[in-house]
Amino acid sequence: MINNDILRSIRYMLDLGDHKVVEIAKLVDPAFPLEKTEVLAFLRREDDPEYVVCSDDILAHFLDGLVIHFRGRNESLPSRPVEKRITNNLVLKKLRVAFEMKDVDMQDAFAAAGFPLSKPEMTALFRQPGHHNYRACGDQLLRNFLKGLTLRVRGD
């Protein structure tokens, strides 16, 4: 899925303003160079001349910031390095951690979007890429999860 779409979807789900998106991304690294004007450019339509592609680095900082925002920073552990490459599986994993979701919660989110997923199918999404039961998360799967999570969070 396109990083801009993921950012746009999470922003809508949590009803975040542009400034709040910047604050959340900077929770990981206060010196991270992200401004409100850049966030506005990420949220524009693709055919808009001021549209800017959201990099993996920016999305990684935002997702890690969400985890800190919702769960707090664990000072007893060293900071985790920010991922260089964002995949749909990693987005699922970060959202699962941020929202403290169990398997049942995730299945409920998929079911709410009209996309029921069995437990073995879901656990395959969280395995390491080299594992023989690993399953790559497709765009449709992530889109449905974001839709189901939005229904859960917003209650629409």
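Modeller: Let us do so, keeping in mind that this is a predicted model. Take Phe99, which has a relative accessible area of 17% and therefore counts as buried, since buried means under 20%.

Biologist: Where does Phe99 lie, and which ring does it pair with?

Modeller: A pair of aromatic rings is described by the distance of the centres and the angle of the planes. Here the rings of Phe70 and Phe99 have centres 5.0 Å apart and planes at 35°, so this pair is tilted. Phe99 belongs to the loop between helix 5 and helix 6, whereas Phe70 belongs to helix 4, so the pair ties together parts that are 29 residues apart in sequence. Phe70, with a relative accessibility of 35%, counts as partly exposed.

Biologist: How many aromatic pairs are there by this rule?

Modeller: The count comes to 2 aromatic pairs. In the pair of Phe110 and Phe145, the ring centres are 5.3 Å apart and the planes stand at 45°, so this pair is tilted. Because Phe110 lies in helix 6 and Phe145 in helix 8, the pair ties together parts that are 35 residues apart in sequence. Both Phe110 and Phe145 are buried.

Biologist: Which charged ends sit over a ring, and how far are they from its centre?

Modeller: The charged end of Arg96 sits over the ring of Phe126, at 4.6 Å from the ring centre. Likewise, the charged end of Arg154 sits over the ring of Tyr12, at 4.1 Å from the ring centre.

Biologist: Now for a whole helix: how many residues of helix 5 are buried?

Modeller: Helix 5 is mostly covered, with 8 of its 11 residues buried. Among them are Leu90, Val91, Leu92 and Leu95, and the buried residues of this helix also include Lys94. These buried residues of helix 5 pack against helix 1, helix 4, helix 6, helix 7 and helix 8. Asn89, which lies in helix 5, has a relative accessible area of 7% and is therefore buried. If its neighbours within four places in sequence are left aside, Asn89 is in contact with Leu125, Tyr134, Arg135, Ala136 and Cys137. Just after helix 5, Glu100 takes a positive phi of about 50°.

Biologist: Against which helices do the buried residues of helix 3 pack?

Modeller: In helix 3, the residues Val39, Ala41, Phe42 and Leu43 are buried. The buried residues of this helix pack against helix 1, helix 2 and helix 4.

Biologist: Is Asp108 buried, partly exposed or exposed?

Modeller: Asp108, which is found in helix 6, has a relative accessibility of 45% and so counts as partly exposed.

How values were computed:
Residues numbered from 1 in each chain as written. Predicted model: local features only at pLDDT ≥ 70, side-chain atom pairs only at ≥ 80, totals over all residues. Heavy atoms only, no water. Phe/Tyr/Trp six-rings, centres within 6.5 Å; stacked < 30°, edge-to-face > 60°. Helix = DSSP H or I, 4+ residues; strand = E, 2+ residues; numbered from the N terminus. Buried < 20%, exposed > 50% of the residue type's maximum accessible area, 1.4 Å probe, protein only. Lys NZ or Arg CZ within 6 Å of the ring centre and 35° of its normal. Contact = heavy atoms within 4.5 Å.
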